[in-house]
Amino acid sequence: MKETVFTSLESQRLRLRRFVEADLPLFLDYLNDPLVARYQTWQSYTQQQARDVIQKQQSLVPGVPGQWFTFAVELKATEVLIGHVALKMEDHQQGEIGFTFSRAHQGQGLACEAATCVLNYAFTKLELHRVIAITDCENERSVALLSRLGMRREGHFIQNIWFKGKWGDEYLYAVLREEWLRKHAS
């Protein structure tokens, strides 16, 4: 894995950057939206919990095994935080990706655009071999997004997770570096 310094990533409409203290109100707002949190591991966040996440992320760097690095996603036109994409590094050049977007910014292709930026970064700058994503089987939007990204469904886990008071099923998706680079060759 290459050493890399992260400043920001950009796409046509988005800038992916580190979280800053000024993100707190919008971050807290979408974390506490019940429809946004529906398929997430949390029910809600306190102001202090959200502040702790932001402060911790400010000192992290992408590509450290065992840790999640969270990219704050903002619209370039307005410089407003609309969500985040997280990348967790595992040993042996493997990673896991996840994403959360405010309700007002779902269904517009923004999560796909942001996740594409992070996957490009993971495969070109961090030189990962493979990236996975795990989603609740009932999360149709996430399933569709992972397919649009070109990730393949490799697993279907039946009642493998105790989730919000009941057993849940999950899908495992993955893409290899060579597949990603072939599909996204310039």
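Helix H2 (34–37), helix H3 (47–58), S4 and S5 are among what covers the buried residues of H1. Helix H1 itself spans residues 24–31, with Leu24, Phe27, Leu28, Tyr30 and Leu31 buried (under 20% relative accessible area, with exposed over 50% and partly exposed in between, for a 1.4 Å probe and protein chains only). Helices (H or I, at least four residues) and strands (E, at least two) are DSSP runs numbered from the N terminus.

A quick word on the basis: this is a predicted model, where local features need pLDDT of at least 70 and side-chain atom pairs count only at pLDDT 80 or more, while totals for chains, interfaces and linings use all residues. Residues are numbered from 1 along each chain as its sequence is written, and side-chain values use heavy atoms, leaving out hydrogens and water.

Now to the nonpolar cores, sets of buried Ala, Val, Leu, Ile, Met, Phe, Trp, Tyr and Cys residues joined through side-chain atoms within 4.5 Å.

| Core | Residues in core | Members include |
|---|---|---|
| Largest | 41 residues | Leu16, Phe71, Ile97, Phe101 |
| Second, separate | 13 residues | Leu24, Val36, Ile54, Ala72 |

In the largest core, Leu16, Phe71, Ile97 and Phe101 touch the most other members. Elements giving two or more residues to this core include strand S2 (14–17), strand S3 (68–75) and helix H4 (110–124). H4 supplies the largest share, 11 residues.

Beyond its neighbours within four places in sequence, isoleucine 97 is in contact (heavy atoms within 4.5 Å) with residues including Trp68, Val85, Ala115, Val118, Leu119 and Met151.

H4 is mostly covered, with 12 of its 15 residues buried; among them are Leu110, Glu113, Tyr121 and Phe123.
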